Structures are given as structure tokens and as C-alpha cells.
Amino acid sequence: MAELTTGLIDNFPVDGARPSVSVALRITNDGDSTETVTITGYYLNGTIKEVYVLELVTVNPNEVIIREYYANLDAFEFVFSTSSETVVISVWGKDAEGNLVDAHRVLPAELDSLEPIIVPTGPTGETGATGATGETGATGATGETGATGATGETGATGATGETGATGATGETGATGPAGETGATGATGETGATGATGEIGATGATGETGATGATGETGATGATGETGATGATGETGATGATGETGATGATGETGETGPTGPTGEVVLAFGSLRGSSAEAPGATFTPVPFSIVGPLSDTITVSLSGNELVVGESGIYQITISINAQATTDPDPDDPYLEAIITVNGSPIFGDTTTFFKIFNRSSSTFVVQASLTAGDEVGVSASTDFPILGYINRSLTVVQLSN
């Protein structure tokens, strides 16, 4: 395992621009097993280093990995913790145009190790030689036994040799304080989107192949010969005309019977028209008419002038035609009118089967056949949920088909 650092790299602006705006890392694994690298990036915040990159990378044997990080900062440093010394790392600063910045290049051999440096202790000096033993004092003559002579002084002990000097202990390198975890650096600006390439010209259309020649028409078979016409037989002789028989006597003419009464043609008709602009509203209201068309003797107009009154019971055909139009600009939701034929003020068949819709700026005609009783008043009512929608031209026609 190895702890490596680029050291703090100065990147202060020169002429208003920093030398490097990004930093590229090239990581390779020269070993035979998969290794890991922890990448920690710092930037200088005043006098404090702050972390702004923290990434764990897995490197397979012989794999090359490239990482590029934001570096438009006053100073930056990258520290690498590798699981093996077989991992090789180099660092390259890049300017705004992507060119390499030589001053910010750190090759693998130039990365500093963060592991403690142990200085070996100097060798122990040799033990000094033992000093010589002092001479034994001379034995006094034996005299009379008297007082025991004083014991001679013990010879001085020879001086002990000097102890060799101990080699100086090398200084242990000071462990740098652990930096505080810095704030994550700002995300670099997104590069501008490249211009869209021009659309290639459309290839020329290939020439149309020539039309194959039309095959020759086969020869028409020869027409068979016409058979000979048989000879016309001779006309037979005309037979003799027989004699005319005698004319019989003429019978007497019978008396003429009385003439029967002339048959009566039963046919009644009537119509109403109108051309004023009307806006009916959301409630069904009678459609007004202002012009009376042709009327037979048995069909009249009601007191309101808006209905036709039938004078005889029978089967009638009733036709209503209405032209819808907006009184202002047309509504984009395509509004419509709703109309119904009425008899004595109620729907003709008592339900919604005779309701019909008339869309904006269109004309609709509706025809029914119904049994009416003498005195019935036939009219039309209309309504709409679109306040701007109205109608203008309209007509009502009633024709008797049978008793």
C-alpha cells in the first residue's frame, strides 16, 4: 500500500487567467491482480486545504484509467491511496484550450510519499579498554612481631577507557495534521453544445429506366369465307278471294245510364317563412314567422302568426328548414342550435325523436309524416346553449297526403 501526493500546486492567475483550468490523472496497474486507488482532491481556501474530490477507483491488471477534474482554482493538491505499489499515477494540468501545462506536470517518480521516514540509529561505539591494574605495594620486612604494619595502599585502578560516542538518532519526520474535510467544489460549467452539422445534400434521383418495347401484336386470323346464299324460292300463287258474307242486322241502342258524381280530390297545403335574425337562448321558444306562403282552403294561420292550423284530420307531411348563423364571430367550439317540430306547443311525437341539431353557419331541413286532427296547430321551437348563436332564414311547410 502507498500514500502519494502531488504537493500543493500553485495556480494563481497570470494576466487575468489561471494556467490550468482542469487536471487529468492517468492511472495504470502493472500488477497481476485488481487494485484500488482512493483519489482525494484539495483546493486552497485562504490558508486551509478543503476537499473537493473524493473517488474510489478500481483498476484491473494492465488497465489504463483517465480521470479529469475541475482545477480553475488558486492552488490544488491530489493525494492517492493505492492498495499496491504496482499502481502507477501521473498528473497533468490543462489550460482552457486543453493544452498540457508543463509546470503542472507530475510524473510517477515525482509524487511524494506520505509514509513516515525512519532514520537508522548510529552504531554503538566500542567499549573502551580496561585500565591497567596498579602495582602491589612492597611487603615490609618481617621484624619483630609487633604491631602489624599498616597495609599498603591499594594501587589506583587504571582509568576506564572512554565509551564511544552514540551515533545521533535521525529526526523522525513530523506527521502533518489531518486536514479538515473540505466542501465539495463547485461543478464546472457545462461546455457549449457543438453546432449541429449541416444536412448533407440530397442525392440526385436516379434516371428512370427506359420503358421496355411493346411486344408486336399478333397477326389477326384470316376471316372464314361467307357461305353461299341459298336460292330464293318462287312465290306461290295468290289464292282466290272468298265472297263477302251478308251483313247482319244492327241491334237497338240501349239507354244511357246516369252520370256518376265527380270524385273529390283531397289535398291541403300551407307554408310560412321568416328572415329576421333571432337568438333563441337556452330555453325552447317558438320560431317566429313573418311571411305567409300559399294556403289551401283547409289550412289557416294561427292567431300568433307562427303556426299552421289544419282544418281536416288526416296524414300530413311537415317540413322545417332553418339557417343557423352567429350574430358575432363564430365560436371555435362549433356551437349549434337545437330545434323541434311542435303540435299544439308540444313535441310532435311526445319525445326527443324530432329534435335536430343545426351547426353554426349551416342550413338543416327536417321532414316528418304524422297523423293530425282537425284544429291542430303545427309550429317550430328552437334553443341553444351558445349565447352568440342565432338563426335567420327559415320556413315551415305542411302538406296533406291523405284523409
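E77 sits in strand β7, which covers residues 75-82; strands here are DSSP runs of E with at least two residues, helices are runs of H or I with at least four, and both are numbered from the N terminus. This is a predicted model, in which local features need pLDDT of at least 70 and side-chain atom pairs count only at pLDDT 80 or more, while totals for chains, interfaces and linings use all residues. Residues are numbered from 1 along each chain as its sequence is written, and side-chain values use heavy atoms, with hydrogens and water left out.

Let us stay with E77 for a moment. With a relative accessible area of 7%, E77 is buried; that word stands for under 20% relative accessible area, exposed for over 50%, and partly exposed for what lies in between, using a 1.4 Å probe and protein chains only. Which residues does E77 touch, not counting those up to four places away in sequence? They are T5, T6, G7, L8, T40, G41, Y42 and K49, where a contact means heavy atoms within 4.5 Å. With T5, the side chain of E77 makes a polar contact to the side chain at 2.5 Å. A polar contact is a pair of N or O atoms within 3.5 Å; within protein, one must be able to donate a hydrogen and the other to accept it, and residues adjacent in sequence count only if both atoms are side-chain atoms.

T6, another residue that E77 touches, is found in the loop between β1 (2-5) and β2. T6 is buried too, with a relative accessible area of 11%. Leaving aside neighbours within four places in sequence, T6 is in contact with E77, F78, F80, V91, V106 and L111.

E77 also has a charged partner. Side chains of opposite charge can pair when their charged atoms come close. K49 forms a salt bridge with E77, and the closest N and O atoms are 2.6 Å apart; the rule asks for a side-chain nitrogen of Lys or Arg within 4 Å of a carboxyl oxygen of Asp or Glu. K49 lies in strand β5 (residues 48-59) and E77 in strand β7, so the pair ties together parts that are 28 residues apart in sequence. K49 counts as partly exposed at 31% relative accessibility, whereas E77 counts as buried at 7%.

How many salt bridges does this rule give? The count comes to four. Another of them joins the side chains of R18 and D74, at 2.7 Å from N to O. Because R18 lies in the loop between β2 (9-10) and β3 (22-29) and D74 in the loop between β6 (64-70) and β7, this pair ties together parts that are 56 residues apart in sequence. R18 is partly exposed at 26%, and D74 is partly exposed at 28%. The side chains of K94 and E68 also meet in a salt bridge, at 3.4 Å from N to O. Here K94 lies in strand β8 (residues 87-94) and E68 in strand β6, so the pair ties together parts that are 26 residues apart in sequence. E68 is partly exposed, with a relative accessible area of 47%.

Now follow the strands around this region. Strand β4 (residues 35-45) is joined to β5 by 11 bridges, and the two run antiparallel; two strands pair if DSSP finds at least two bridges between them. One of the residues in this pairing is I39, whose bridge partner in β5 is E55. β4 and β5 form a hairpin with two residues between them, and G46 in the turn has a positive phi of about 70°. β4 also pairs with β7 in the antiparallel sense, over seven bridges; in β7, F76 is the bridge partner of Y43.

V398 touches, among others, A268, F269, I299, L308, Y316 and V378, not counting residues up to four places away in sequence.

Finally, step back to the whole protein. There are zero helices and 22 strands, and buried residues make up 29% of the 403 residues.
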